Amino acid sequence: MREYKTQMEAARKGIVTEELKKVAQKEHLRVEELMPLVAAGKVAICANKNHKCLDPQGVGSMLRTKINVNLGVSRDWKDYDIEMQKVMAAVDMGADAIMDLSSHGDTTGFRRKLTSECPAMIGTVPVYDSVIHYQRDLATLTAKDFIDVVRSEERRVGKECRSRWSPYH
């Protein structure tokens with residue numbers, strides 16, 4: 001049983017995780033240099049336990065710039081298989097992160113596929129998710145609606161890095 005919920009909590013407790021070791025190696029840092037940055041919140045190690053094939057990355061101070069690729073399905077483009085091919089092509093070309101900008105359809109199924117097959121960090125847009133979830137105009141949604149959707153999505157497929165405002169941070 002793990003003694004921590006987040007990489008930050010582990011670093012604050014002085015626990016050297018496998019993810020911390022991997023990120024330190026990728027960034028050409030010693031674990032002793034990286035750990036205080038993670039503990040202080042200057043570096044986030046994106047390593048969600050639900051992302052089964054994740055190659056952990058660090059984001060933040062003193063680290064190399066990451067390559068992010070934006071993609072996703074929409075009302076006009078609904079082919080999840082093609083999007084998954086684009087994801088894997090992007091990773092093969094060096095992408096560190098995938099931002100799923102899907103704004104239509106079964107985004108949860110697509111994200112489950114992403115977290116089971118894609119080694120890159122994965123991000124989403126809660127505003128898009130909220131519009132899909134509630135099937136309402138954006139102008140009618142509340143802050144509570146957005147937060148509820150973020151929590152629901154996190155329970156279903158997880159997120160790599162939580163925002164500072166998240167009560168789980």
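Helices here are DSSP runs of H or I with at least four residues, and they are numbered from the N terminus. Tyr-128 sits in one of them, helix α6. The model you have open is predicted.

**Stop 1: helix α6**

Select residues 126-134, which make up α6. Color the buried residues: Asp-129, Ser-130 and Ile-132. Now look down the axis of α6. The buried residues fall within an arc of 165°, so they line one face of the helix.

Go back to Tyr-128. Is Tyr-128 buried or partly exposed? Its relative accessible area is 35%. Buried would need under 20% and exposed over 50%, so Tyr-128 counts as partly exposed.

With Tyr-128 they make a nonpolar surface patch of about 230 Å². Gln-135 takes a positive phi of about 50°.

**Stop 2: Asp-145**

Move to helix α7, residues 143-157, and pick Asp-145. Asp-145 is buried, at a relative accessible area of 11%. Which residues does Asp-145 touch, leaving out those up to four places away in sequence? Show Ser-130, Tyr-134, Arg-136 and Thr-140. Ser-130 is one you have already colored, among the buried residues of α6.

**Stop 3: the nonpolar cores**

Nonpolar side chains tend to be buried together in soluble globular proteins. Start with the largest nonpolar core, which has 15 residues. Select Ala-11, Leu-20, Leu-34, Val-38, Val-43 and Ile-45, the residues with the most contacts inside this core. The largest share, six residues, comes from α3.

Zoom in on Ala-11. Beyond four places in sequence, Ala-11 touches Met-35, Val-38 and Ala-39. Then look for the second, separate core. This core has 12 residues, including Leu-71, Ala-90, Phe-110 and Ala-120.

**Stop 4: salt bridges**

How many salt bridges does the structure hold? There are 14. Side chains of opposite charge can pair when their charged atoms come close.

Begin with Asp-100 and Arg-111. Their closest N and O atoms are 2.8 Å apart. The pair links distant parts of the chain, 11 residues apart. Asp-100 lies in strand β4 (residues 97-100), and Arg-111 lies in helix α5 (residues 107-117). Check the accessibility of each partner. Asp-100 has 0% relative accessibility and counts as buried. Arg-111 has 2% and is buried too.

Stay in α5 and select Glu-117 with Lys-113. The closest N and O atoms of this salt bridge are 3.1 Å apart. Why is the separation about one helical turn? The two residues are four residues apart in helix α5, so about one turn lies between them. Glu-117 is partly exposed, with a relative accessible area of 37%. Lys-113 is partly exposed as well, at 30%.

Next, select Glu-9 and Lys-13. They form a salt bridge whose closest N and O atoms are 3.2 Å apart. Glu-9 counts as partly exposed, at 28% relative accessibility.

Finish with a group of four. Select Glu-27, Arg-64, Lys-66 and Asp-96, which are linked in a network of salt bridges.

Notes:
Residues are numbered from 1 along each chain as its sequence is written. This is a predicted model: local features need pLDDT of at least 70, side-chain atom pairs count only at pLDDT 80 or more; totals for chains, interfaces and linings use all residues. Side-chain values use heavy atoms; hydrogens and water are left out. A nonpolar core is a set of buried Ala, Val, Leu, Ile, Met, Phe, Trp, Tyr and Cys residues joined through side-chain atoms within 4.5 Å. Buried means under 20% relative accessible area, exposed over 50%, partly exposed in between (1.4 Å probe, protein chains only). Contact means heavy atoms within 4.5 Å. The arc is that of the directions from the helix axis to the C-beta atoms. Patches are made of residues with over 30% relative accessible area and no salt bridge: like charges are joined within 9 Å, nonpolar side chains (Val, Leu, Ile, Met, Phe, Trp, Tyr) within 5 Å. Accessible areas come from the Shrake-Rupley method with a 1.4 Å probe; for residues, only the protein chains shown count as cover. A salt bridge is a side-chain nitrogen of Lys or Arg within 4 Å of a carboxyl oxygen of Asp or Glu.
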